[in-house]
Amino acid sequence: MKKITNVFWFALALVVLAVGYGALAPTSFETVMGKWQSFITTSFGWYYLSVVSIMVLFTIIVIISPFGKIRLGKDTDRPEYSRISWFSMLFSAGMGIGLVFWGAAEPLSHYAIDPASAEPNTREAFRQSMRYTFFHWGLHAWAIYAIVALALAYFQFRKGEPGLISATLKPIFGDKMNGPWGVLVDVFAVFATVVGVATTLGFGAVQINGGLSYIFGIPNEYWVQVVIIAVVTVLFLMSAWSGLSKGIKYLSNANMVLAVALLVLVVILGPTLLIFNMFTDSLGAYLQNIVRMSFSSAPLNKENREWINGWTIFYWAWWISWSPFVGIFIARVSKGRTIREFLIGVLMLPSLVSFFWFATFGSTAINVQQKFADLTGLKTEETLFAVFNELPLSMLLSIIAVILISTFFITSADSATFVLGMQTTNGSLDPSNMVKVIWGLAQSAIAVILLSADGLDALQSMLIVAAFPFSFIMLLMMISLYKSLSDEAKKMKINKS
């Protein structure tokens with residue numbers, strides 16, 4: 001077994017304390033976390049808007065700069081995975097289950113339930129719903145992931161450092177990152193990963209249960225969700241045991257096949273012309289308004305500010321809290337690519353796919369809302385299935401969606417066990433199966449405990465709180481990466497002008 005480090009024990013202890021608090025005193029836990037979340041989003045919304053915009057700008061500058069020629073590895077290294085498998089894995093880990101969960105629900109909410117500033121159920125609300133959904137799931141989200149992934153891949157494969165968050169800060173802090181401060185940074189990354197994935201396991205089980213309930217009438221109850229988590233746990237542990245090149249790779253490819261099949265069917269069976277028109281129009285509106293949306297804090301409009309806090313600031317904090325997990329995984333599967341290819345692949349392609357996904361499912365949901373049925377009273381996890389209910393081949397669509405949610409679910413948990421194994425065995429590229437199994441069982445146990453205590457919402461709030469200090473670590477990672485790239489560019493006599 002690869003040597004388990006102190007990071008493992010400290011992170012595990014921290015997780016046990018947090019989950020114990022949430023399980024034993026759920027009301028107090030939710031109140032405390034809710035107050036902290038409210039304080040951060042209200043007082044530091046301007047900071048989140050600014051720092052995430054800086055990340056987008058940084059990634060674009062690196063793409064067009066001579067730094068883009070540098071390879072993530074030795075100059076002779078080449079990618080381990082084909083572009084299709086690589087894209088499938090990074091996309092499955094980064095967004096997969098979220099797209100299925102929110103694909104119809106978020107645009108519908110922005111249109112009919114809680115628009116940003118327009119009147120509900122109007123043409124302007126329709127346009128605005130798509131523009132803001134693109135904004136929340138586009139370049140900004142993937143830039144957050146790209147910063148962490150690029151720093152890790154560069155320092156691990158180019159500089160020979162262990163695949164740890166702390167190792168990316170060595171150009172600034174030197175050997176201090178080999179001591180207690182480095183352990184602290186890595187413990188925080190592991191903690192954020194465990195809590196984030198456990199929360200997703202919980203919400204994924206709720207959505208699968210919601211789909212089965214809507215389709216087959218299976219009770220939407222706690223014990224059903226426990227069974228779902230148990231089945232998924234067995235499946236993702238089997239996948240984790242088989243290794244990165246088999247389990248996660250094959251599952252990720254299967255995810256993309258299913259996702260494309262579902263997308264194509266909805267485009268054909270749904271309002272096809274409206275989908276393509278809204279995609280084109282919304283993409284233009286997004287690009288035209290991206291700067292304004294990036295810095296909009298609505299200081300003189302209380303209602304609009306509350307909307308920004310509840311959606312945009314929430315999303316930025318959510319992506320930051322997930323960035324250690326997704327970034328580490330993307331870095332692991334990206335060895336051998338140039339920085340330019342890496343950033344274009346991580347930043348541009350997933351954004352475009354997400355845009356078309358939301359244009360398809362969002363436009364279809366809003367069309368159903370306008371012409372066939374009121375969807376606003378449904379639970380979020382039921383919205384997609386209610387939309388399918390108004391389309392031809394509704395049962396087929398719903399079954400594909402449930403299978404897709406399940407495979408995305410398994411892939412996310414599988415990827416997380418791999419990342420946690422890396423982080424707690426000093427960045428090992430091949431963590432032992434036993435370590436992965438321990439973390440896999442821990443994640444599932446946390447999800448089951450918190451579902452029983454109704455503590456998932458509070459845990460979600462805790463992630464938002466945890467994202468705040470990690471954002472400072474990300475700023476330091478950018479500075480450290482730029483410093484190291486500049487030094488290498490000078491040695492390689494790259495003309496940065």
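**Close-up views of a predicted model**

**View 1. A salt bridge between distant parts of the chain, Arg 332 with Glu 80.** A search of the whole structure finds 9 salt bridges, and one of them joins Arg 332 to Glu 80, with 3.4 Å between the closest N and O atoms. The two partners are 252 residues apart, Arg 332 being in helix H14 (residues 302-332) and Glu 80 in the loop between H3 and helix H4 (83-94). Arg 332 has a relative accessible area of 11% and is therefore buried, whereas Glu 80, with a relative accessible area of 45%, is partly exposed.

**View 2. Arg 337 and its salt-bridge partner Glu 341.** The closest N and O atoms of Arg 337 and Glu 341 are 2.9 Å apart, and the pair forms a salt bridge. Arg 337 counts as buried, because its relative accessibility is 2%.

**View 3. A network of salt bridges.** Four residues, Asp 75, Arg 158, Lys 159 and Glu 488, are linked to one another in a network of salt bridges.

**View 4. The packing of helix H1 against helix H2.** Helix H1 (residues 6-24) and helix H2 (residues 26-43) pack with their axes 5 Å apart and at an angle of about 115 degrees. On the H1 side the contact is made by Ala 18, Tyr 21, Gly 22, Ala 23 and Leu 24, which meet Pro 26, Ser 28, Phe 29 and Val 32 of H2. Of the residues in this contact of H1 with H2, 7 are nonpolar and 2 are polar, while no charged residue takes part.

View 5. Met 130 lies in helix H7, which covers residues 123-137, and the residue is buried, because its relative accessible area is 0%. When residues up to four places away in sequence are not counted, Met 130 touches Pro 107, Met 278, Ser 282, Phe 358, Ala 359, Gly 362 and Ser 363. Leu 283 is 153 residues from Met 130 along the chain, yet the C-alpha atoms of the two are separated by 8.7 Å.

**View 6. Leu 57 in helix H3, with His 140.** Leu 57 has its place in helix H3 (residues 45-64) and counts as exposed, because its relative accessibility of 52% is above the 50% cut-off. Leu 57 and His 140, which are 83 residues apart in sequence, are 9.5 Å apart in space when taken from C-alpha to C-alpha.

**View 7. A nonpolar surface patch that includes Val 231.** Trp 223, Val 227, Val 231, Val 234, Leu 235 and Met 238 together make a nonpolar surface patch of about 580 Å². Val 231, one of these residues, is in helix H11 (residues 222-242), and with a relative accessible area of 45% Val 231 is partly exposed.

Key
Residues are numbered from 1 along each chain as its sequence is written. This is a predicted model: local features need pLDDT of at least 70, side-chain atom pairs count only at pLDDT 80 or more; totals for chains, interfaces and linings use all residues. Side-chain values use heavy atoms; hydrogens and water are left out. Helices (H or I, at least four residues) and strands (E, at least two) are DSSP runs, numbered from the N terminus. Buried means under 20% relative accessible area, exposed over 50%, partly exposed in between (1.4 Å probe, protein chains only). Contact means heavy atoms within 4.5 Å. Axes are lines fitted to C-alpha atoms, for helices over the stretch in contact, and angles run from 0 to 180 degrees between N-to-C directions. Ala, Val, Leu, Ile, Met, Phe, Trp, Tyr, Cys and Pro count as nonpolar, Asp, Glu, Lys and Arg as charged, and the others, Gly among them, as polar. Patches are made of residues with over 30% relative accessible area and no salt bridge: like charges are joined within 9 Å, nonpolar side chains (Val, Leu, Ile, Met, Phe, Trp, Tyr) within 5 Å. Accessible areas come from the Shrake-Rupley method with a 1.4 Å probe; for residues, only the protein chains shown count as cover. A salt bridge is a side-chain nitrogen of Lys or Arg within 4 Å of a carboxyl oxygen of Asp or Glu.
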